[in-house]
Amino acid sequence: MAGSNHSNVTEFVLLGFSDLKELLFGIFLLLYLSTLLGNLGVILLIKSNSQLHVPMYFFLSQLSFLDICYSSTIMPKVLLGLLVETNVISFKACLAQFFFFAAFGSTEAILLAVMAYDRYVAICQPLHYSAAMSHGLCVQLLLASYAAGSLNALVHTSALCQLSFCGPNLLHHFFCDIPPVLPLSCSDTWLSQLLVAICIGFIIATSLLTIIISYACILLSAWSTHSMEGRPKAFSTCTSHLMVVALFYGSAAFVYFHPFSRQLEHQGTTASVFYTMVTPMLNPFIYSLRNKEVRSALRRAGNKLLSSIYSHRSCSSQTKGDVTCQSGGSRRNKADT
């Protein structure tokens, strides 16, 4: 913390969920496990299937990784808080949680715009797609997204460190975020409020503008073509991405650009639940189950797994068929290669 900070508050009491803790624990645990399993499954599926080693799925795997990190920054503490009578977080842990939450959240917002641009190049400039979206450029875009997201988080965290917190320490939220933390400060918060309006507003505005322009060009390109097969594919691509964008940006914009007050704290909490818990859980289903290539790869992986389980059971049930099973397994391995 900065030397000018004379905070007396050493911890915050999180009051986000005070009722129905047992029910909420079960619901949130299910959401968190679904987020982990769904996004980890997407990452492993893309990594293990060579047909999915293209820029679109490279960014999709990175989005899944961000969703895991993004959700894991908040959910373990939320689940632990539902098991105790008083959910307490130290001031330093609060700052650390906010930094990683802001870094991963900002990076995801920028990555969604990068993914929209990738789809624009793939659909509107298919002949130049391989050259325009090379692996080196994809890595650079990813690193730039992380750098911009981390810088945004560092700016806001540094501004919070300059504030004094003399009490009270009751935080009417389920994790440490700027809108509920600022009202607890006993110093002037105009700089933090200005940074929220400038930095977060710039990220949301530029990302949304990129997404809108990219998909407007995609829709115009699909509408101008006479191919009846290309239009449904383009519309499906737009629909999947825009569903995620609407959930993520809509709920985030409500929280950060709506005045935080005691009368609106329940609405802010509900909106925060959407973009911190629901959206990371839905992303694998929205992107994967609506994508033909991913569904095909998932189907092949499932058939291969079931075939391996069936072969293992068949071999283990035989008493004198070891040689036959081994030779059959060898033939299957040769056929796979």
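Predicted model: local features only at pLDDT ≥ 70, side-chain atom pairs only at ≥ 80, totals over all residues.
Colleague: OK, at what angle do H2 and H6 pack?
Modeller: About 25°, with the axes 10 Å apart. Helix H2 covers residues 55-72 and helix H6 residues 135-161; helices here are DSSP runs of H or I, at least four residues, numbered from the N terminus. Axes are lines fitted to C-alpha atoms over the stretch in contact, and angles run from 0 to 180 degrees between N-to-C directions.

Colleague: So is H2 roughly parallel or roughly antiparallel to H6?
Modeller: Roughly parallel, a label for angles under 35 degrees, while over 145 counts as roughly antiparallel.

Colleague: And which residues make that contact?
Modeller: On H2, they include Phe 58, Phe 59 and Phe 65, and on H6, Leu 141, Leu 142 and Tyr 146 are among them. Contact means heavy atoms within 4.5 Å. By class, there are 10 nonpolar, two polar and no charged residues; Ala, Val, Leu, Ile, Met, Phe, Trp, Tyr, Cys and Pro count as nonpolar, Asp, Glu, Lys and Arg as charged, and the others, Gly among them, as polar.

Colleague: What about H2 and H4?
Modeller: Their angle is about 165°, with axes 10 Å apart, so they are roughly antiparallel. That contact has 14 nonpolar, three polar and four charged residues. Arg 119 of H4 is one of them.

Colleague: Is Arg 119 buried or exposed?
Modeller: Buried, at 13% relative accessible area. Buried means under 20%, exposed over 50%, and partly exposed in between, with a 1.4 Å probe and protein chains only.

Colleague: What does the Arg 119 side chain make a polar contact with?
Modeller: The side chain of Tyr 129, at 3.4 Å. A polar contact is a pair of N or O atoms within 3.5 Å; within protein, one must be able to donate a hydrogen and the other to accept it, and residues adjacent in sequence count only if both atoms are side-chain atoms.

Colleague: Changing topic, what's the phi of Leu 20?
Modeller: Positive, about 55°, although Leu 20 is not a glycine. Most residues other than glycine have a negative phi. Leu 20 is also exposed, at 60% relative accessibility.

Methods
Residues numbered from 1 in each chain as written. Heavy atoms only, no water. Helix = DSSP H or I, 4+ residues; strand = E, 2+ residues; numbered from the N terminus. Parallel < 35°, antiparallel > 145°, perpendicular 65-115°, else oblique.
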